[in-house]
Amino acid sequence: MEHRYLGRSGLRISEIVFGNLLYPQDSTPDGTVLACLRTALDEGITTFDTADIYGMGRSEELLGRALAGEPRDGVVICTKVFFPAGNGPNGSGLSRKHVREGLEASLRRLGTDYVDLYTAHRYDPNTPLEETMLAFADLVRAGKVLYMGVSEWTPEQIGEAAPLAKELGIHLVYNMPQYSALWREPEARVMPACERLGIGVVPYFTLAQGVLSGKYLPGKPAPEDSRGGAELVGGRAKFMRRFLVDDVLERVQRLAGPASEAGLTLPQLAIAWVLRQPGVAGAVIGASRPEQVRENAAASGVELAPGLVERIDEVLGPVAEYGAADA
């Protein structure tokens, strides 16, 4: 497993970041989740991402159980705050109250005294940015958070937060956008802004929620045990329906041959494509079975030949989503 520096910090994270994401109604048995987490450790993955909202605390609890007994200095733990995970009118957002109480609850579930990475899961337009940044700074000074990051913030929001963080003496060193060979919107503005500010990029949904794994076949129903085969609601449904169309699925299958010639599976190809992008420090992957963890972890250290990269862009470019550079 290869490791990379996170932004302009001295912290190194594993190229493959295990994302322990469980949806609120997720029925995956605890034993299966724990087996995936332990396989990640066996594969050399040292960086683990979760959030208080994932499984309404269950994801954090299981991650804490999996890491119990592991040397604390050998792992990097990331969790997030923003979405409703508490009670009452202050149980969400990025107010000082919710940020502080959210972290305390996360630490209890994770069974640790501090988190390495604490992420503002979304931007909070209802809380002054100064209040949010001061709340994070207080947690850093208390030794409960080492580094701060954001997820799905605009370049303008990141640009406003970065100098505030520097003024307060805290390290805003990473951004977590959705990014894959099919979802390239961050390339237009977000990733260049992060590069200018020395902020590392740690993308999630790097397999486009499984579409780039090749398991969805054109003209055939989605597997019943897949995300695409489950009842889709909200933003996840909108995203998946955009790509669960025959034109996209046929193009993904066209990459199976070139991937095999390079000694890679389709998931490994997709993850390696993300890891080759400038500014990317690590790629978040999820898994519902240990063998998926092993397969995805093998994408670390893979170097794609220029011809293969051109083939990926040629095949997927016409159906990928791009952002407007001047938007």
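Is Gln-209 buried or exposed? To find out, select this residue in the predicted model. Gln-209 is buried, with a relative accessible area of 5%. The residue is found in the loop between E9 and helix H7 (234-243). Most residues other than glycine have a negative phi.

Select Met-56 next, in the loop between strand E4 (47-49) and helix H2 (58-67). Here too phi is positive in a residue other than glycine, with a value near 50 degrees.

**The sheet**

Now display the strands. An open sheet is formed by 8 strands in the order E9-E8-E7-E6-E5-E4-E3-E10, with parallel pairing. At the edges stand strand E9 (200-201) and strand E10 (283-285). Each has a single partner strand, so one side of each is left without a neighbour in the sheet.

Within the sheet, select strand E7 (residues 145-151), which is joined to E8 by 4 bridges; the two run parallel. Strands of a sheet pair through backbone hydrogen bonds.

**Aromatic pairs**

The structure holds 6 aromatic pairs. For one of them, select Tyr-118 and Phe-136: the ring centres are 5.4 Å apart and the planes are at 45 degrees, so the pair is tilted. Tyr-118 lies in strand E6 (residues 115-120) and Phe-136 in helix H4 (residues 129-141), so the contact ties together parts that are 18 residues apart in sequence. Tyr-118 is buried, with a relative accessible area of 0%, and Phe-136 counts as buried at 0% relative accessibility.

Proceed to Tyr-179 and Trp-273. Their ring centres lie 5.6 Å apart with the planes at 40 degrees, so this pair is tilted. The pair links distant parts of the chain, 94 residues apart: Tyr-179 is in the loop between strand E8 (172-176) and helix H6 (190-197), whereas Trp-273 is in helix H10 (residues 266-275). The relative accessible area of Tyr-179 is 0%, so this residue is buried; Trp-273, at 2% relative accessibility, counts as buried.

**Charges over rings**

Finally, select Arg-72 with Tyr-114. The charged end of Arg-72 sits over the ring of Tyr-114, 4.0 Å from its centre. Then select Arg-12 with Tyr-5, where the charged end of the arginine sits over the tyrosine ring at 5.6 Å from the ring centre.

Notes. Residues numbered from 1 in each chain as written. Predicted model: local features only at pLDDT ≥ 70, side-chain atom pairs only at ≥ 80, totals over all residues. Heavy atoms only, no water. Phe/Tyr/Trp six-rings, centres within 6.5 Å; stacked < 30°, edge-to-face > 60°. Buried < 20%, exposed > 50% of the residue type's maximum accessible area, 1.4 Å probe, protein only. Lys NZ or Arg CZ within 6 Å of the ring centre and 35° of its normal. Pairing = 2+ DSSP bridges.
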